[in-house]
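Keep the structure in view while reading.

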Amino acid sequence: MVVCIVHFEDSCCDYRPCTLPVRPEDTDFGQVASRPSPSLSCFKTGIKNGAMMSGRLFSAGPRSVLEGLGRWTLAPQAALGRLLLQHTAPRLLSLSSADCAKEPSRKKLLSEKKLKRHFVDHRRVLVRGGHGGDGVSCFHSEPRKEFGGPDGGDGGNGGHIILKVDRQLKSLSSVLSQYQGFDGEDGGSKNCFGRNGALLYVRVPMGTLVKEGNEVVADLSHPGDEYVAALGGAGGKGNRFFLANDNRAPVTCTSGEPGQERELFLELKTMAHAGLVGFPNAGKSSLLRAISNAKPAVAAYPFTTLNPHVGIVHYEDHQQVAVADVPGIIRGAHQNRGLGLAFLRHIERCGFLLFVVDLAVPEPWTQVEDLKYELEKYEQGLSERPHAVVANKIDLPQARANLPTLQAHLGGKAIALSAVTGENLEELLLRIKELHDEHMAASLAQGHQLFRW
């Protein structure tokens, strides 16, 4: 006897799974089909004779094979009478992946104050190279060979510590305060040398300046730059090394040397083509959000930006220009007032500057003079770099009244725009492109390596 399990799934019936005693000769296929339907969990079979199912008689014609969207017909001899169940819209037994899929959890954005904690632009690091392995003093031992001679191997060299530029890093927060290199293994018998210590790579962001005391020892300003911060110690010598004609059985061996130990100071200077320079609440962060995909914090109070942000401006032919938003500078910043010298260093590497002026304040032209004065006091010649003056907040009524006076003081070189409404942003983008091309041409003429994002 063959057992067939039939399961009904429909909103208008409440039939439960049951077992039907079916003989092989009563079926169209000679055996019960075992492949389930795509939509119903039942077996395809044609039943000729009726069978008892929970006290109710059902029969299916020879041609009524259970399909995914088939029909079930009650037998006329059933006690319930003639009833036709149309299974036109079966309910799927399996849920789709879209129903079960959960909405991906979005990463919560950090506030500007929390980002300040994660941004580190200077770090003191103590590095020690790996210790060299010791040499071994031993002699060859073999049956019927009395004078085997020395066979002690040398120890392995200690591993170096190397600083390597990683373009994905934007801060020195991942750099630890001290690093210890891997030690070399000791030598062994049978002239086996010890394994050298592995190299230890410390990833640093692009634009990292390495200092030892007051001396700059490395400038890691290009992708892939490396600097050996600490050398590993040399491995010791085994007694095989001291074998000579006048000393056929040396017992001398040396120990491995300690690795180099140095105290380095890492200083990060943001790498960007252009730098946005201005007083607090001048609209630098809003302007960077308008011309790039960067998302610095924006609020109606000064010193909203507490650490530099870099945005990428895209042009045709896949050309990219990096623009850095430097925190607000106040009068006396070169004397370490406000944020002071903490972020003035990030302007040093910018090829050209964008002076952002709040056009709504009285006498906006004085802001340009004060900004140039602070930059010149910090580093001589910094204010003389190629620059453009951006007059922001042109959408305010008072700003439009101050625009003619500002243009008269600057000789008509100011670019009036609104970072909020996007008014006249095209002129600024064209000006940035011109300054970038001039900077690249000057760098090529001087033989400098081009900086590309």
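## Residue S285

S285 sits in helix 3, residues 284–291. Helices here are DSSP runs of H or I with at least four residues, strands are E runs of at least two, and both are numbered from the N terminus. The model is predicted: local features need pLDDT of at least 70, side-chain atom pairs count only at pLDDT 80 or more, and totals for chains, interfaces and linings use all residues. Residues are numbered from 1 along each chain as its sequence is written, and side-chain values use heavy atoms, with hydrogens and water left out.

S285 is buried, at 9% relative accessible area. Buried means under 20%, exposed over 50%, and partly exposed in between, with a 1.4 Å probe and protein chains only. The side chains of S285 and D325 form a polar contact of 2.8 Å. Such a contact is a pair of N or O atoms within 3.5 Å; within protein, one must be able to donate a hydrogen and the other to accept it, and residues adjacent in sequence count only if both atoms are side-chain atoms. Leaving out residues up to four places away in sequence, S285 touches P296, A297, V298, T305 and D325. Contact means heavy atoms within 4.5 Å.

## Helix 3

The buried residues of helix 3 are K284, S285, L287, L288 and I291. Seen down the helix 3 axis, they fall within an arc of 160 degrees, so they line one face of the helix. The arc is taken from the directions from the helix axis to the C-beta atoms. Their cover includes strands 15, 16, 17, 18 and 19, and helix 7.

Six strands form an open sheet in the order 16-17-15-18-19-20, with mixed pairing. Its edges are strand 16 (309–314) and strand 20 (414–416), each pairing on one side only. Two strands pair if DSSP finds at least two bridges between them. Neighbouring strands are turned by 30 degrees against each other on average, direction ignored. Axes are lines fitted to C-alpha atoms, for helices over the stretch in contact; angles run from 0 to 180 degrees between N-to-C directions.

Strand 19 (387–392) and strand 20 run parallel, joined by three bridges. A391 stands opposite A416 in strand 20. Helix 5 (365–378) packs on the sheet and touches strands 15, 18 and 19. Helix 6 (397–410) also packs there, touching strands 19 and 20.

## The whole chain

The chain holds seven helices and 20 strands. Of its 453 residues, 42% are buried.
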